[in-house]
Amino acid sequence: MKVLAKTGKEEIAIVYIGMVREGSFVEFVESLQPPLSRKEKWVLIVSSLLGCPCGCVFCDGGFDYKGKLTKDEIFSQIDFLVEKRFPDRNIEAKKFKVQFARVGEPALNPAVIEVLKELPSRYNAPGLIPCISTIAPSNSGGFFEKLLDLRKSVYRGKDFQLQFSIHTTNKKLRDKLIPFPKWDFEKIAEYGEIFYEEGRRKITLNFALASCASIEPSILLKYFDPRKFLLKITPVNPTYKAVKNKIFSFMDKAKELIHKLQKGGYEVIESIGELEENKIGSNCGQYIQTHLREKEKFQNCYTYLLTPNEVSF
């Protein structure tokens, strides 16, 4: 891989653009959670696909889908970041999260399973926490069965973050927000029940809180056991697609909603993050290459300069 450019801020997040094949580019991110230092929490967010076929209506990464990354191409992103910070591959961070969440639905690429299998032995990283963020596509070619096997073997007794993108409890609206064949709530709940390991991290249901979305606690309680599932409320990040599709964040109603969900027995995480990340373009759904293609640029987002950083790796 040739790492061609980067943008961002050392103490918050940096987005890198790399070329894995002639004319095929990936983006990947390293981020911190101020005031925590890198040794306390370090997060890598890598791409799994070249573009994405899912077409989520608020994600800038879903265009120009060119296929799957290989295991080596995914590892080239992780290796680059690890060796930049910890050349001996002894990663001292108490929490070292590797998220498959920059570009591409990870469950559509079997190479992600290969990467997950090798991750714990490739680095000396006691704080390793892999994170799969997925819409749970229906036709994933056995991905979830293999993921479950890993959970019961390689990751048994260890933290593993499995996160399903839900966004709303309204089925018709969910199909509009995520216009791709996917599991329904019953199937997600059934899988999550088996995947969950007693005493470890709960299965996360993520809601990017949009003004158009409804979230009914009674529907969630019908399917998802609060003892095994937690809820995460995040903003709809400012992306070109969200603006074009008139989908706006509605965090103003978050506190009232969180109160209702907590009354239902759920653990709820309100995850807003660093607003500076919107300006960097490192937040979920943002994609620097979309910004470069757009003629009418955002004024308050993607404002950091992209600087050349040509390194062969």
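Is Lys246 buried or exposed? Lys246 is exposed, because its relative accessible area is 64% (buried means under 20% relative accessible area, exposed over 50%, and partly exposed in between, with a 1.4 Å probe and protein chains only). This is a predicted model, in which local features need pLDDT of at least 70 and side-chain atom pairs count only at pLDDT 80 or more, while totals for chains, interfaces and linings use all residues. Residues are numbered from 1 along each chain as its sequence is written, and side-chain values use heavy atoms, with hydrogens and water left out.

**Overall build**

- The protein chain has 10 helices and 13 strands (DSSP runs numbered from the N terminus: H or I of at least four residues for helices, E of at least two for strands).
- With a radius of gyration of 19 Å, close to the 20 Å that the globule rule gives for 313 residues, the protein chain is as compact as a globular protein of that length (the radius is taken over C-alpha atoms, and the rule is 2.2 Å times the number of residues to the power 0.38).
- The C-alpha trace spans about 50 × 50 × 40 Å along its principal axes.
- Of the 313 residues, 56% count as buried.
- Among contacts between residues at least 6 apart in sequence, 73% join residues at least 24 apart (contact means heavy atoms within 4.5 Å).

**Aromatic pairs**

- You will find 19 aromatic pairs in the structure (rings of Phe, Tyr and Trp, the last by its six-membered ring, pair if their centres lie within 6.5 Å; planes under 30 degrees apart are stacked, over 60 edge-to-face, and the rest tilted).
- Phe160 and Phe195 form an edge-to-face pair, because their ring centres are 5.6 Å apart and their planes lie at 70°.
- That pair links distant parts of the chain, 35 residues apart: Phe160 is in the loop between helix 3 (143–152) and strand 9 (161–165), and Phe195 is in helix 5 (residues 185–195).
- Phe160 and Phe195 are both buried.
- Tyr240 and Tyr302 are stacked, at 5.6 Å centre to centre and 20° between the planes.
- This second pair spans 62 residues, from Tyr240 in helix 7 (residues 240–244) to Tyr302 in the loop between helix 10 (288–293) and strand 13 (307–312).
- Tyr240 and Tyr302 are both buried too.
- A cluster linked by ring pairs includes Phe143, Phe144, Tyr155 and Trp183, along with Phe160, Tyr191 and Phe195.

**Charges over rings**

- Arg122 places its charged end over the ring of Phe75, 3.8 Å from the ring centre (NZ of Lys or CZ of Arg must be within 6 Å of the ring centre and within 35 degrees of the ring normal).
- Phe75 is found in helix 1 (residues 71–85) and counts as buried, because its relative accessibility is 1%.
- Beyond residues up to four places away in sequence, Phe75 touches Val115, Glu118, Leu119, Arg122 and Tyr123.
- Lys187 has its charged end over the ring of Trp183, 5.2 Å from the centre.

**Cores and packing**

- The largest nonpolar core has 71 residues, and those with the most contacts inside it include Trp42, Leu147 and Phe164 (such a core is a set of buried Ala, Val, Leu, Ile, Met, Phe, Trp, Tyr and Cys residues joined through side-chain atoms within 4.5 Å).
- A second, separate core of 18 residues includes Leu49, Cys56, Leu173 and Ala242.
- Leaving out residues up to four places away in sequence, the contacts of Phe164 include Phe144, Trp183, Tyr191 and Thr204.
- Thr204 is in strand 10 and counts as buried, because its relative accessibility is 4%.
- Helix 5 has Phe185, Ile188, Ala189, Tyr191, Gly192 and Phe195 as its buried residues, and their cover includes helix 3, strand 9 and strand 10 (203–209).

**Backbone points to check by eye**

- The peptide bond from Pro34 to Pro35 is cis, with omega near 10°, and Pro35 lies in the loop between strand 3 (24–31) and strand 4 (41–46).
- Arg89 is not a glycine, yet its phi is positive, near 65°.
- Arg89 sits in the loop between helix 1 and strand 7 (95–100).
- Lys246 also has a positive phi, of about 55°, although it is not a glycine, and Lys246 is in the loop between helix 7 and helix 8 (254–263).
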